[in-house]
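Biologist: I would like to learn how to read a model like this one, feature by feature. Where do we begin?

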Amino acid sequence: MISEFRNFITRGNVLDLAVGIVIGAAFTGVVQSFVNDVLMPPIGLLLGGVDFSELYLHLGRGTFPTRAAAVEAGAPIISYGLFINNVIAFLITAFAVFLIIKAYQRTRPPEAPPAAAEKQCPFCYSRIHLAAIRCPHCTSELAPA
């Protein structure tokens, strides 16, 4: 059982997956910082000084000056501003992964097209198996391949 586990862990797929998870976690931190610290402040400034992380909807009674105060008081709130930040972070992450995959695909050699398994009957132009010596559609005899 231990040797099977060792074989499972040392297969390329599992190691690639582990590396991908670690890099993805680090990349997530970079993207979150980019969204929260670089991208959202100018967007908030363009929209009149709106801080998306402070946008929330209070579901109970009373008012709170900030989202943090509402959270600290245990008030029921919907933090839609944080949701907006997370959606933007997701879109940036998805676009970055898309660019990485596109770059990787450009470095791979093109795949060879699959070998033909069919040919065309010279009499009725139907598609038939490559090894056929008689056309199943028009029953014409064909030259062996």
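Modeller: Begin with a single residue. Ser-140 is buried, with a relative accessible area of 17%. Keep in mind that this is a predicted model.

Biologist: Why does Ser-140 count as buried?

Modeller: Compare its value with the cut-off. Buried means under 20% relative accessible area. Ser-140 has 17%, so it falls in that class. Its place is the segment after β4 (127-129).

Biologist: Which residues does Ser-140 touch?

Modeller: Leave out residues up to four places away in sequence, and the contacts are Phe-123, Ile-133, Arg-134 and Cys-135.

Biologist: Is Ser-126 buried or exposed?

Modeller: Ser-126 is buried, at 18% relative accessibility. Ser-126 sits in the loop between β3 (118-120) and β4. With residues up to four places away in sequence set aside, Ser-126 touches Lys-119, Gln-120, Cys-121 and His-137.

Biologist: Next, the backbone. How should I read a phi angle?

Modeller: Most residues other than glycine have a negative phi. Tyr-125 has a positive one, near 65 degrees, and is not a glycine. Tyr-125 lies in the loop between β3 and β4. Thr-139 also has a positive phi, about 60 degrees, and is no glycine either. Thr-139 belongs to the segment after β4.

Biologist: Is the side of Tyr-125 buried or exposed?

Modeller: Tyr-125 is exposed, with a relative accessible area of 58%. The cut-off for exposed is over 50%.

Biologist: On to charges. How many salt bridges are there?

Modeller: The test is a side-chain nitrogen of Lys or Arg within 4 Å of a carboxyl oxygen of Asp or Glu. By that rule the count is three.

Biologist: Which side chain does Arg-134 pair with?

Modeller: Glu-141, with N to O at 3.1 Å. Arg-134 is partly exposed, at 44% relative accessible area. Glu-141 is exposed, at 59%. Recall that Arg-134 is also one of the contacts of Ser-140.

Biologist: And which residue meets Arg-108 in a salt bridge?

Modeller: Glu-111, with N to O at 3.5 Å. Arg-108 is partly exposed, with a relative accessible area of 38%. Glu-111 counts as exposed, at 66%.

Biologist: What is the N to O distance between Glu-118 and Arg-127?

Modeller: That salt bridge has 3.8 Å, N to O. Glu-118 is partly exposed at 42% relative accessibility. Arg-127 is partly exposed too, at 48%.

Biologist: Now helices. How do I check the span of helix α4?

Modeller: Compare the end-to-end reach with the expected span. Helix α4 covers residues 80-107. α4 has 28 residues and reaches 41 Å from its first C-alpha to its last, close to the 40 Å expected at 1.5 Å a residue.

Biologist: Which residues of α4 are buried?

Modeller: Gly-81, Asn-85, Ala-89 and Ala-96. Here is the general idea. An α-helix has 3.6 residues a turn, so residues three or four places apart point the same way.

Biologist: Last, the surface. Which residues make the nonpolar patch?

Modeller: Leu-57, Leu-59, Ile-78, Tyr-80, Phe-83, Val-87, Phe-90 and Leu-91 make a patch of about 800 Å². Helix α4 gives the most to the patch, with five residues.

Biologist: Where is Ile-78 found?

Modeller: In strand β2 (residues 77-78). Ile-78 is partly exposed, at 42% relative accessible area. Patch residues need over 30%, so Ile-78 clears that cut-off.

Technical notes: Residues numbered from 1 in each chain as written. Predicted model: local features only at pLDDT ≥ 70, side-chain atom pairs only at ≥ 80, totals over all residues. Heavy atoms only, no water. Patch = residues over 30% accessible without salt bridge, like charges linked within 9 Å, V, L, I, M, F, W, Y side chains within 5 Å. Areas by Shrake-Rupley, 256 points an atom, 1.4 Å probe, with all protein chains shown as cover. Helix = DSSP H or I, 4+ residues; strand = E, 2+ residues; numbered from the N terminus. Buried < 20%, exposed > 50% of the residue type's maximum accessible area, 1.4 Å probe, protein only. Expected span 1.5 Å × (residues − 1). Contact = heavy atoms within 4.5 Å.
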